[in-house]
Amino acid sequence: MYLNYREPIPINSNPGMVFPPRKFTTILDVARFAARLIDAALDHKDILNRKSLPIEKATSREPGQPLCMAQFYRILGASRLPGRKRDSQYVCPIPKTGDQVSEHIIVICRNQLYCVPIQASDRGRLNEDEICSQFLYILDDAPCLCNPPPIGLLTGWKRTLWAEAREDLMNEERNKRNLDLITKSLLVVCLDEALPINFNCRLQKGGKGHTTAGRDETNLAHQMIHGGGSTHNSPNRWFDKTIQLIISGDGACGLCYEHSNAEGIAVIQLAEKLWKHADTFTSPSEVPATTSSHLPPPERLEWILEATDHKRIEEAGCYLDNLVKDLDFQVFRFTGYGKDFIKSCKVSPDVYIQLALQLAYYRLYGKLTATYESASTRRFRLGRVDCIRSASPEALEWVKAMSQPKDDDEHGNKKVTFHLVSDDKKIILWTEAVAAQTTEMVENILGQGIDIHILGLREASKETSPTAASPLPKFFTDPSYRIANKFLLSTSQVATNTNSFMGYGPVEPDGYGASYNPKNDSIIFCLSAFWSSEVTSTSRFAQSLEESLNIMQTLLTRPK
C-alpha cells in the first residue's frame, strides 16, 4: 500500500504530530532539550537491542491476547528508500550479544546536514552534556554557512523522480557515503525556524489550543507535516526517514514520520516516552561540562553536485511548494463535550465519533461515501491494519433521519412546526447504527475484515499471472471495486496521553482526511482537504461536524 505509491510522501502519506510548545530563551535551551530527547532515544534503542520491549496485551474484545510488537522494532534506525517502480525499506538489524554498538543521528539546521556520532565502540555512549555540546556547535555553525544546497527537497518529490536523482547522486563516492549515513542514522533532528504567523491566514475554529509566539495550532501542524515549503523549513527535512524530531526556536516542537514502517500507535508511544524524559528539563539550562570539549565537532555533510542535480532540487522544490499551497488544513478543537459524556451514553467513543463524521458528511453532500478507518490487526503476527468501513446501510438510515427538515403546518392562525421523523424513531435508528459500527470494528480487529484479505488476493493474482501484462480478474476491474476503494473520507483515531495531536493529508483529490483525539471533555480533530477541489472545504466540514456533535448530544439527552 505504501511502497508502490509514486506521489510525494509529505502531506500525501507522512503524518505530522504537534506537541505542547516549549519556552526557549536561548539556544542553550534548544540544545539541552534536543539532547534530552536523544538521550531518551538511546535508552529506548538499548531496550530494542536487548529485545526487551514488553509484549502488550489486548485490553478489550477478547482481552489478554498478545499483540505483535514487530513494528515497534522498525522505527529507530529505519528509513524508506526510493525506487523507480517500487520503494524499499532499510531497517537497522538488531546487534548480536557482545557486538559493539555504534549509533549516530543526523541533525539538519538551516538546510545543512550534520552527522553526530552518539555511541561508538571506542568511546562508548555520549552523555547528555556531550550531546548538548554537539547541538550547540551546530546551532552556532549553521547560521554562518552560505546557502547550502537544499538537498532535502528531493525527498519531497515524486518517488520515481527522486529515485532517479538518488541514483545519479550515488555516482559520487562522497554523496553515496552521505546517503548511507542518513539511511542508517538512528533518527533525524530538524532544528527549525518559526513559520510566519500569517502562513495559514485563517481564523481558528473551536477551542483555543496551543499557541507560541502568536502562532495557532493549525500553523504549528503545517510546520510538522511539511515544513512550509522551499522558502521555509521543507529543505530542513529528510522525508524518507522514519522519525524526524522537529524543534523550532520559538518553542514549537513535534515530529514528522514516514508511514511505511509503522502505524501511529507505535510512533506515538515512542514520542511520548521521549518527551516525558525531556520534560524534566527546566530553564535556565546549565552549560555543558567542560569535559565535552574533547569531542570532535559534528561532521558537516558536503555534497558534490552537477548542474542536473541543482535543476532537480529546484524542480522538486517547486512541486512541493504547489502541494503545500494546495493543502487546506485545520485543527478543530470541539469543546462541547468529550469521551466522558460519550461513555455516559453507553457508546464507544470511537463508534460515536465515526457516526458523527458520517452525519457531518451527509449534511454537506446529501450522501455517504466510502470511509476508511484504520483498525489495528496486531493480534496477528506482523499485523498492521485493516479497514473499518463506517458508511453502513444502518448509518445511512440514521443520518437521513437526523437530517430531515422541520415542516410547518397551518392550523387556523397558528403555525405548528414538527419533525418528519420522531425522536423515538431516531433513537431506534441510532441504536442500530451503533450496533452495526461496533460489529464492523470488532470483526476487523479480530481478523474478519475484508480489505486486507482482498488486497492479498489481488497481489496473489499478480504474482501467479503468466505475464506481467496479464489482466487482473474481473473482480478487481469492476467499477464497484474502484468506487468502494475511493475513500473520500479517510479517518483514524489518534489518541495521546499528552495534549498533543497528529494529522495528515487526504488520500483523494476531492476527499477529506480526518484524524481525531478524544479527550475527557473535548475532541481534537485534524481536518484536511485540497484547495484545488471544488467540492471540499475544511471550514465547512468543521462547521457541519460541530453542528452534528451538538444535535447528537441534544438527541441523546432529551427527556425520556
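Predicted model: local features only at pLDDT ≥ 70, side-chain atom pairs only at ≥ 80, totals over all residues.
Across the whole structure, the search returns zero disulfides.

Six strands form an open sheet with mixed pairing, in the order 11-19-18-16-12-13. Its edges are strand 11 and strand 13 (385-388); each has a single partner strand, so one side of each lacks a neighbour in the sheet. On average, neighbouring strands are turned by 20° against each other, direction ignored. Helix 11 (residues 423-445) packs on the sheet and touches strand 12 (371-376) and strand 13, its direction making about 165° with that of strand 13. Helix 15 (residues 538-556) also packs on the sheet, in contact with strand 11, strand 16 (489-493), strand 18 (512-518) and strand 19; its direction makes about 25° with that of strand 11.

Strand 11 (residues 327-334) runs antiparallel to strand 19 (residues 523-530), and eight bridges join the two. Phe334 has Ile523 of strand 19 as its bridge partner. Although strand 11 stands at an edge, eight of its eight residues are buried, so the strand is largely enclosed by the rest of the structure. Leu327, Phe329, Val331 and Arg333 are buried on one side, and Asp328, Gln330, Phe332 and Phe334 on the other, so that both faces are covered.

How values were computed: Residues numbered from 1 in each chain as written. Heavy atoms only, no water. Buried < 20%, exposed > 50% of the residue type's maximum accessible area, 1.4 Å probe, protein only. Helix = DSSP H or I, 4+ residues; strand = E, 2+ residues; numbered from the N terminus. Pairing = 2+ DSSP bridges. Disulfide = S-S within 2.5 Å. Axes fitted to C-alpha atoms, helices over the stretch in contact; angles between N-to-C directions. Contact = heavy atoms within 4.5 Å.
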